[in-house]
Amino acid sequence: MSTMVFVNFPVTDIKVSTSFYEKLGFQKNPDFSDELVSCMVWDENFYIMLLSHERYQTFIGEKTIADTKNVSGALAAFTLPSAEAVKEFGQRASQNGGQSIHLDNGIPEDIMYSLEVQDPDGNCLEPVWMAM
């Protein structure tokens with residue numbers, strides 16, 4: 001059996017965030033979505049759960065939800081089939097209310113290319129292509 005990965009992001013506006021991720025190429029699974037949650041599907045193994053702050057708080061107990069516009073808590077990296085696909089993903093993010101940042105990590109682009117992509121709430125994805 002393959003491992004499924006669910007990344008949980010706290011978001012301030014479910015509708016805005018759902019629209020953003022749909023524009024990136026994710027599809028909403030209505031069976032696991034409601035007014036407080038959107039289950040966004042990339043493929044059969046990778047999902048992003050967009051959780052209202054109210055719902056997200058139920059998972060973290062007494063902890064405070066991070067202000068991800070100012071503090072980085074995690075980068076969820078996933079592979080894409082080419083450096084061009086990574087660049088296109090980043091462009092879609094920037095055109096739809098997010099931000100795409102290329103940080104030079106000293107690795108030549110013909111070996112690896114990645115971006116930090118931030119959604120409207122500052123949650124981070126790291127699309128990456130690597131020559132295997």
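**Reading a pocket and its aromatic rings**

The lining of the largest pocket is made up of 12 nonpolar, seven polar and one charged residues.

Me: Before we go on, what kind of model is this?

Reply: This is a predicted model, where local features need pLDDT of at least 70, side-chain atom pairs count only at pLDDT 80 or more, and totals for chains, interfaces and linings use all residues. Residues are numbered from 1 along each chain as its sequence is written, and side-chain values use heavy atoms, with hydrogens and water left out.

Me: Which residues count as nonpolar, charged or polar?

Reply: Ala, Val, Leu, Ile, Met, Phe, Trp, Tyr, Cys and Pro are nonpolar; Asp, Glu, Lys and Arg are charged; the others, Gly among them, are polar.

Me: What is a pocket, and what are lining residues?

Reply: On a 1 Å grid over the protein atoms alone, a pocket is an open set of points where a 1.4 Å probe fits, with protein on both sides within 12 Å along at least five of seven lines; lining residues have an atom within 4 Å of a point. Here 20 residues line the largest pocket, and Tyr56, Thr68, Gly73, Ala74 and Asn123 lie nearest its centre.

Me: Which element gives the most to that lining?

Reply: Strand 1 does, with four residues. Strands (E, at least two residues) and helices (H or I, at least four) are DSSP runs, numbered from the N terminus.

Me: How do I read aromatic pairs?

Reply: Rings of Phe, Tyr and Trp (its six-membered ring) pair if their centres lie within 6.5 Å; planes under 30 degrees apart are stacked, over 60 edge-to-face, and the rest tilted. This rule gives nine aromatic pairs. One of them is stacked: phenylalanine 6 with tyrosine 47, at 4.5 Å centre to centre and 10° between the planes.

Me: Why does that pair tie together parts of the chain?

Reply: Because phenylalanine 6 lies in strand 1 and tyrosine 47 in strand 4 (residues 46-52), the pair joins parts 41 residues apart in sequence.

Me: Is tyrosine 47 buried or exposed?

Reply: Buried means under 20% relative accessible area, exposed over 50%, and partly exposed in between (1.4 Å probe, protein chains only). Tyrosine 47 is buried at 11%, while phenylalanine 6 is partly exposed at 41%.

Me: What about tryptophan 42 and phenylalanine 89?

Reply: They form an edge-to-face pair, 5.7 Å centre to centre with 75° between the planes. Tryptophan 42 is in strand 3 (residues 37-43) and phenylalanine 89 in helix 3 (residues 83-95), 47 residues apart. Phenylalanine 89 is buried at 0% relative accessibility.
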